[in-house]
Amino acid sequence: MSTDPIQYADYDEGRNCNYWALDRTLQFEARRIYPDDEFEWAEDVLSEFGEVLGHRMADTADRIDTEGHELKSFDKYGDRLNEVEYHPLIHEQEAIAYEQFGLTHDAFHAPPGRDEPVGLSHTLMMQALLSYVDGGFCCPVSMTTGAAIVLDTFDDGDLTEYFEGLTARDLDDHIEGAMFLTEEQGGSDVGANEVRAEPQDDGTYRLYGEKWFCSNIDAEGALALARTSDAPDGVEGLSLFLVPRTKPDGEVNESHFRRLKDKLGTISVPTGEIEFEGAEAYLVGDEQEGFKYMAEMMNFERLTNATGAIGIMGRALLEAKVRAAQREAFGNPIDEYPLMRRDLVDMAVDYEAAAAFSFEGARLLDEREQVGDDSDAYKLMRLFIPVAKYKTGRMAVETTSYAMEVLGGNGYVREHTTERLLRDAQVLPIWEGPSNILALDALRALNHENAHEALLPYVQEKLAAVEHPLLESLAESTESRFQELQTALGTLATEDGDYAQYHAKRLSDLIFDVVTAALFLEEAQWQIDEEGNGRKALVAQQFIKTRFGDDDAYGVASGERFAMEDDVFESITRYASIEPESLVEAPAADD
């Protein structure tokens, strides 16, 4: 299948366009991971969403970021309010996300045009598109789905009304979710949490204590971890509670919303501090199982963080491509100069790597729901999710920072969006656990879930399926690094825990690179076989060369001009198709 290159010079900036139509990377990944019948239904939905985002929400998000929200803890008589006075445009965003497109509905109830709900992969794909315009607003959207996942999985029916509110498509019936984990003395050490829960005669509980970072602070479907009086220390003693802003009788719950955080970015989601002063709360599932329950939400939220990073990277890359195609310097558009071409190619390949790895995690999340926790899908999911979150958070910061540089001084100014993208991206390495915590979680997946038992055949199968001559040589390079990964896993298995921790992030880097390379090779072989297009092979070639290639003198003396070549640049950055035959050098003629 031939595809014409996208002419980015035809656009003034990265808005007033259809983000889905312009992002053929997301289109490719959706077609790869969705079940066939689901993709057939979803394609039009994703396109319509991309159109609304580019032509409307791109503007509302900028307005909301500039003006923000305000907390009203008390009314003028001193009575407790605990209300956030939202920017008026937030209601429009909520109507688009929840009502028009069912972002928190369709994974639990059949959407229009289908007899069954869709998988969470669709939810995550929609959230990636949403993050093109507002990574902050994606936070409450995601946490609402995450809270619904917990109630759907672990609630015994007592909280059905809240589940129905979290997943309602009618905005009048809809409530939002949240996840209140962090306490000032605990941070990532959740086992140090001190908020306590006291049981009442009517079956409810009363919560006492402080939560330090509460994003979507006024959610009616907020989940919080707390410790009952007889519970042991550490995460084993934590229970999970639903603690709404208002009680069923309409009274404001016994909490004090002290202040909103004055954050660097993600202004559209209000984040604040809560002091529970006997807040009425409802136990989810069984006591002292709270951390296990919350881990289900955490898996989804970490994938949201990764796909949110993809959306922010995609928007930043779009802004950079448009500007580079338009901006003239020394008589030519700057995307005609070799160094800029190299930069744009590298940014595009990074973006595709983030998308391929993260949406593979989404696919595994859906597969695990069908086959259970004893499966290879579960083992791989447990490993891939923390690695995806760790890697994409850092990649998003780097990509948005360089996109700002491509725009020059304008990129540093609010009117040009890249400034906001960078501020929003900076939270991604922090939300849902910083890099060190995620790398240690990847170690736990290897040690406790034996994820390596599923990882090794997973990579081997993908490498063995390669047939195209260019891909075969790339597979050999990947196989060599794969052997190094196996050596590294063996080394860590025999060393002490401190040594494993010391190398945990570099191990996660290696896992990401090897798995992504294998995924790219699989995708490239499929595209050659099914579409007669070698574009993804070029992406694989650049990724593998930059990660696994010989870097003597940093490549300066190598003679390589890959990104300078017109067909390569057009294919990788503008999605032009390329004949697979052209990827193989013709044999030298006999004398």
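**Pockets, cavities and aromatic contacts**

By class, 22 nonpolar, 13 polar and 15 charged residues make up the lining of the largest pocket; here Ala, Val, Leu, Ile, Met, Phe, Trp, Tyr, Cys and Pro count as nonpolar, Asp, Glu, Lys and Arg as charged, and the others, Gly among them, as polar. The structure is a predicted model, in which local features need pLDDT of at least 70 and side-chain atom pairs count only at pLDDT 80 or more, while totals for chains, interfaces and linings use all residues. Residues are numbered from 1 along each chain as its sequence is written, and side-chain values use heavy atoms, with hydrogens and water left out.

Rolling a probe the size of a water molecule over the atoms shows where empty space is left. On a 1 Å grid over the protein atoms alone, a pocket is an open set of points with protein on both sides within 12 Å along at least five of seven lines, whereas a cavity is a set of points where a 1.4 Å probe fits but cannot get out; lining residues have an atom within 4 Å of a point. Grid points are joined across faces, edges and corners, and a volume is the space filled by probe spheres set on the points.

The volume of the largest pocket is about 1,500 Å³. Its lining comprises 50 residues, and Leu181, Val190, Met298, Arg302 and Glu432 lie nearest the centre. Two or more lining residues are given by each of helix H6 (135-154), strand S5 (205-215), helix H8 (290-326), helix H10 (376-407) and helix H12 (435-448). Helices (H or I, at least four residues) and strands (E, at least two) are DSSP runs, numbered from the N terminus. H8 gives the most to this lining, with nine residues.

The second largest pocket holds about 1,300 Å³ of space. It is lined by 38 residues, with Asp513, Lys545, Thr546, Arg547 and Phe548 nearest its centre. The elements that give two or more residues to this lining are helix H9 (338-371), H10, helix H14 (469-494), helix H16 (504-531) and helix H17 (535-548). H10 provides the largest share, seven residues. By class, the lining of the second largest pocket divides into 13 nonpolar, nine polar and 16 charged residues.

Seven cavities of 30 Å³ or more were counted. The largest cavity contains about 120 Å³ of space. Its lining consists of 13 residues, of which Gly135, Cys139, Thr304, Asn305 and Trp431 lie nearest its centre. H6 and H8 are the elements that give two or more residues to this lining, and the largest share, five residues, comes from H6. The lining of the largest cavity has five nonpolar, six polar and two charged residues.

The second largest cavity has about 80 Å³ of space. Tyr8, Leu22, Asp23, Tyr132, Gly314, Leu317, Leu318, Lys321, Tyr351 and Tyr575 line this cavity. H8 supplies the largest share of the lining, four residues. Seven of the lining residues are nonpolar, one is polar and two are charged.

The structure holds 13 aromatic pairs. Rings of Phe, Tyr and Trp (its six-membered ring) pair if their centres lie within 6.5 Å; planes under 30 degrees apart count as stacked, over 60 as edge-to-face and the rest as tilted. Phe108 and Phe163 form an edge-to-face pair, 5.6 Å centre to centre with 90° between the planes. This pair links distant parts of the chain, 55 residues apart: Phe108 is in the loop between helix H4 (89-100) and helix H5 (120-131), and Phe163 is in helix H7 (residues 160-166). Phe108 is buried, with a relative accessible area of 16%, and Phe163 is buried at 11%; buried means under 20% relative accessible area, exposed over 50% and partly exposed in between (1.4 Å probe, protein chains only).

The ring centres of Phe357 and Phe512 lie 4.9 Å apart with the planes at 45°, so this pair is tilted. Because Phe357 lies in helix H9 and Phe512 in helix H16, the pair ties together parts that are 155 residues apart in sequence. Phe357 is buried, with a relative accessible area of 0%, as is Phe512, with 1%. Ring pairs link Phe357 and Phe512 with Phe384 and Tyr458 into a cluster.

Charged side chains also contact rings in this sense: a charge sits over a ring if NZ of Lys or CZ of Arg is within 6 Å of the ring centre and within 35 degrees of the ring normal. The charged end of Lys261 sits over the ring of Phe213, 4.5 Å from its centre. The charged end of Lys536 sits over the ring of Phe28, also 4.5 Å from the ring centre.
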